[in-house]
Amino acid sequence: AKRRTIGLSIETPAEILQVVSVVREYAGCFVQWSEPVVLTPNRPRATDHTLTATNIRGIRLSKRGMNALPNQVTVRYTDTTATEWKQATAVVSDVASGAEIRPQVVDMPGFTTHAQATRQATERLNYFRKVDLDADIDVFDEGLKIARGDVASVTHPIGLSAKLMRVLDAVCTEPGRWRVTAEATFTTSTPWNSRWGIWPI
C-alpha cells in the first residue's frame, strides 16, 4: 500500500503556517523553510552526515521517561465505505495484561481507510516505545549542510557508536558554530515526531 493516502480540501482562506501544519501532519514530513519550502518525508533513509569527536564541540544527552508515555493510540478517521460517511476508529496498543492504560486519541478526518489510520496509530506508538534519546550537539561549519529531517550517524566517547539520530533543528549560535537538536531514530518503521505535539517546523 502507499505510505500515505489522504483526502483533504481547503475550503476557507488560511495562513500558510496553518496550511503547512495540517499538510505536514498528514503527509508525515519535516518542513524546511527555504525558497521554495522543502518537505522532507520522515521515513527510513540513508545517513546524510557523520559526526564524530573530531567535529563535535560538545554534546548533551537526555533520556526520556517511558512510563508516562501513551501505550495505546486511537486514531479517529472518516469511514467512506458506505454512502453515508461516518467517523470510525483504529486502535493500536501494547498494554501488558493488567497494566495501566495510558491512551492517546488523535483526530485525523483526512484519513479515509482503516488501514491508513492503523498505520498512523502504529507509527505513533512505535515512536513512544522506541525513540527515547534526545541530543543537543554543537558542531563547527558542518552545521551549514545539516537540515531538518536529515539523519546523522553520531560517534562520541560519551558512549555513542554510529548512533543514528534524526535532526529536528540546526541553528547557528555564533559564527562558525551550530547547534543540532536531534533524537534517536530507527529504520524499521516511520516514527511520528511529537517533541512539540506536532511535526516540527
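1. Helices (H or I, at least four residues) and strands (E, at least two) are DSSP runs, numbered from the N terminus.

2. This is a predicted model, in which local features need pLDDT of at least 70 and side-chain atom pairs count only at pLDDT 80 or more, while totals for chains, interfaces and linings use all residues. Residues are numbered from 1 along each chain as its sequence is written, and side-chain values use heavy atoms, with hydrogens and water left out.

3. Helix α2 covers residues 114-130, and its 17 residues should span 24 Å at 1.5 Å a residue, which agrees with the 24 Å between its end C-alpha atoms; the expected span is 1.5 Å times one less than the number of residues.

4. Six strands form an open sheet with mixed pairing, in the order β3-β9-β10-β11-β8-β4, and its edge strands, β3 (49-51) and β4 (56-63), each pair on one side only. Two strands pair if DSSP finds at least two bridges between them. Strands β9 (residues 151-156) and β10 (residues 160-174) are antiparallel, paired over five bridges, and Val 154 has Lys 163 in β10 as its bridge partner.

5. Cys 29 counts as buried because its relative accessibility is 8%, whereas Cys 172, at 45%, is partly exposed. With a disulfide taken as a pair of cysteine sulfur atoms within 2.5 Å, the count comes to zero disulfides.

Key
Buried < 20%, exposed > 50% of the residue type's maximum accessible area, 1.4 Å probe, protein only.
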